[in-house]
Number of protein chains: 4
Amino acid sequence: MSAAPDEVEQPDPKGRVSATDRMTAFSDGVFAIVITLLVIELRVPEYHEGELLTGLLGEGASYLAFVVSFVYIGVLWLNHHALLRLIRGTTLTLSWINLGVLFGAVIIPFPTAVLASAFTHGDTDDQRAAVALYALAAALMSAPWLVFFGYLHRHPALLERRVSPEYVRTQRLRPVTGLILYGLSGLLGWFVSPLLGLIGVIVMITYHAVTSEGLPRWLTRR
Amino acid sequence: MSAAPDEVEQPDPKGRVSATDRMTAFSDGVFAIVITLLVIELRVPEYHEGELLTGLLGEGASYLAFVVSFVYIGVLWLNHHALLRLIRGTTLTLSWINLGVLFGAVIIPFPTAVLASAFTHGDTDDQRAAVALYALAAALMSAPWLVFFGYLHRHPALLERRVSPEYVRTQRLRPVTGLILYGLSGLLGWFVSPLLGLIGVIVMITYHAVTSEGLPRWLTRR
Amino acid sequence: MSAAPDEVEQPDPKGRVSATDRMTAFSDGVFAIVITLLVIELRVPEYHEGELLTGLLGEGASYLAFVVSFVYIGVLWLNHHALLRLIRGTTLTLSWINLGVLFGAVIIPFPTAVLASAFTHGDTDDQRAAVALYALAAALMSAPWLVFFGYLHRHPALLERRVSPEYVRTQRLRPVTGLILYGLSGLLGWFVSPLLGLIGVIVMITYHAVTSEGLPRWLTRR
Amino acid sequence: MSAAPDEVEQPDPKGRVSATDRMTAFSDGVFAIVITLLVIELRVPEYHEGELLTGLLGEGASYLAFVVSFVYIGVLWLNHHALLRLIRGTTLTLSWINLGVLFGAVIIPFPTAVLASAFTHGDTDDQRAAVALYALAAALMSAPWLVFFGYLHRHPALLERRVSPEYVRTQRLRPVTGLILYGLSGLLGWFVSPLLGLIGVIVMITYHAVTSEGLPRWLTRR
């Protein structure tokens, strides 16, 4: 088939490199699903007749957690978009590292639900645990990104021609920053105040959203 | 890779513009998931032996809410389809605006479930709250579309060659209309009668379905 | 963009016809999601310590319902695959008819869950209602297919060149058969015996699976 | 349409073979959804105020089951990726066999949830049943792969030109091994010790992950 998704039959001078098309499609699917699944955690509150509005207003924490996680997955998707544009092929190892990256995104609905529950039904101890869990998940999520960049740095043959290994090396700073700052937010939430920790997480996500390694910066480089 | 989804390597005279392929695939995924997730809210009613049929018949409001929201998401998808056909590329800002558009679609199952619950188990106050919430969500959902058209109007370089900025400007009327009329339906539902508000919402969705900026009108313009 | 998903810019002598690519992608997404969502209805049974196995064995009806519906959606997907291969473009009306076809697929998890519940926890009356509901859903699901073929028959310009309008007309027999035979199975289940009705439904799905308007027959026609 | 997903109109000397594009897209969708749906089984534990952390720590078995199944579906996806690269077309029969392969992946969340439940709330008998169920599912899942390779071996015309029927024959060993070793793990879990059986399953998945018929080995063969 001339346009098979894997392009195996295409004349390709650097034939050892396998196509990223299906990895891209799979990743896009996972991000699209996880960003949509978040809504499942928004449940109709239990209510007595005539008290639905009160019930809905009492779920403010769920809505906030939903919005924060929606933006977070949006950030991850945009960054992942930029990440896959760096490479012109994949290997089995890189595919597994990418599955690690997706793992980090896929679990988000769980700490989101824990967060929403703790700020709706829990006390300060519960909120402490929930914020620490969310920040821990966010911090650990940075690890496979670090591994991804490290692998690319050691395998420059996988890079698109216009991407310098130097550039990849500097990119490693981003997940390192995430690992440290999300980690600090978690410690802040656990030892000082859950609310402060939560604010730390939200500031981090906002920062990533605004500076995200999205399309335009990338394009101006070309 | 010659057919990489982002076309970065393709000769492209207006190279600063980034491909919309992955944004399209991601958006399609989100719409496909959210239109399918609606069914999760259709639950087998609790029933005593021999009373399943009675239970099912008592869930009429859920079925109506399901159908309305299915049509609504269908409308949104067709409009989004037409929207992305206006542009030949995206930027980081536009990608975020698009995530805002998707946000509006992703939340629909929640007000749908609230609506179904209020008309099955609630009293007039609950129905009032549920209709107002649904209409509010529908009205607010128009905002990112407005921002999308406004951004395109200010960045005509992103438009397909055959699309005039003038056309984009007139398109801004559509979300403005949605914002106002869904808002009015909500007020109607809240202050006058939930049923009237609900009818207002259904009329609006039907109107959008029939006049939706779908394919054919668009095609005859070419 | 040279490979934009809508191909709008592609030189196309019969330019008034719009691409089906995004409709195909959206439909595939919906089928993939709904066939996967079925598993959500398989729940771990409530059990006392040491009685998990007994609980699992008591859920036999759920497993059967899951398998039947999985095969059913598989049949629908293969038929839809063949359906979209008949056409070389779509219109707004046809897109809405296609949404009707997808509607029929999307609801399947609900009658499936009702069926599983009735045969696990219900009595004969409940099973009667559940089988009738499933058969009714299957029968009604045939309607948009009928409309689809009818529309194609009246708009032969949308057909692929190698497809004769005559062929489309004969294809209308398939949904008519489905409508009648699923309807009869429902009546059988309601008035005679739920088990007989269920067998009728399963026979119909199996028949469709074996004779499905899949790829090969189609290909040999070329 | 020049780039229609099915490529039917493409000049293709071996025209009887139908495209695998839509089968690939559908399969990718199913794998992406099922790997993401796993997270739905991670639920916020029931807890009294102040005991959320204790509750979360008590769910260790759920997290382990989640990770194991995530890796498992990752393995299946990579193998499926390699599988579809062997072929240059499909038939109705092969599409049904592929649906069988997908069936095996789609059910995974169910034995995963049973496993998590048994190791959190059950006694040894429950764990025995859960491990045996998981291993049984994994063993049976190998069957359609075996059928897939057998069918390819009998229909070499479907193979990509560079793939020898001999290679396909040797590949049949992989699902046979899976069938036997997962089966043995199940027997081990049932008759000897649930923990030993579980370890057997995890070892098998790890082994498959490390040796998975992924991209690179495949590429070096070219």
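This is a predicted model: local features need pLDDT of at least 70, side-chain atom pairs count only at pLDDT 80 or more; totals for chains, interfaces and linings use all residues.
What rotation and what shift along its axis superpose chain B on chain A? The rotation is 90 degrees and the shift is 0.0 Å, with an RMSD of 0.0 Å. That is the relation of a four-fold axis.

Residues are numbered from 1 along each chain as its sequence is written, chains are lettered from A and ligands numbered from 1 in the order in which they are written, and side-chain values use heavy atoms, with hydrogens and water left out.

## How the copies are related

Two copies of a chain are related by a rotation about an axis and a shift along it. Chain C goes onto chain B with a rotation of 90 degrees and 0.0 Å of shift along the axis, at an RMSD of 0.0 Å. Of the contact residues of chain C, 9% recur in chain B, and the copies use different surfaces.

## Where chain B meets chain A

Start with the residues in contact (heavy atoms within 4.5 Å): chain B brings 46 and chain A brings 54. Only 9% of the interface residues of chain B are also interface residues in chain A, so these copies meet through different surfaces. The buried area is about 4,100 Å², with 70% of that from carbon and sulfur atoms. Buried area here is the accessible area (1.4 Å probe) that two parts lose on being put together, summed over both.

There's one salt bridge between chain B and chain A, the term standing for a side-chain nitrogen of Lys or Arg within 4 Å of a carboxyl oxygen of Asp or Glu. The partners are A:Asp28 and B:Arg22, with their closest N and O atoms 2.5 Å apart. On chain B's side of this contact, α1 (21-37), α4 (92-106), α5 (109-121) and α6 (124-154) each supply at least two residues. Helices are DSSP runs (H or I, at least four residues), numbered from the N terminus. α1(B) gives the most, with nine residues. Sorted by type, chain B's side has 29 nonpolar residues (Ala, Val, Leu, Ile, Met, Phe, Trp, Tyr, Cys and Pro), seven charged ones (Asp, Glu, Lys and Arg) and 10 polar ones (the others, Gly among them).

## Where chain C meets chain B

Here 45 residues of chain C touch 54 residues of chain B. About 4,100 Å² is buried between chain C and chain B, 70% of it on carbon and sulfur atoms. One salt bridge turns up between them: B:Asp28 meets C:Arg22 at 2.6 Å, N to O. On the side of chain C that touches chain B, α1(C) has the largest share, nine residues. That side of chain C divides into 28 nonpolar, 10 polar and seven charged residues.

## Rings that pair up

Over all chains, there are 28 aromatic pairs. Rings of Phe, Tyr and Trp (its six-membered ring) pair if their centres lie within 6.5 Å; planes under 30 degrees apart count as stacked, over 60 as edge-to-face and the rest as tilted. One of these pairs is B:Phe66 with C:Phe103, a tilted one at 5.5 Å centre to centre and 45 degrees between the planes. The pair crosses between chains, from helix α3 (residues 60-85) of chain B to helix α4 (residues 92-106) of chain C.

How values were computed
Copies are superposed by least squares on the C-alpha atoms of residues with pLDDT of at least 70 in both.
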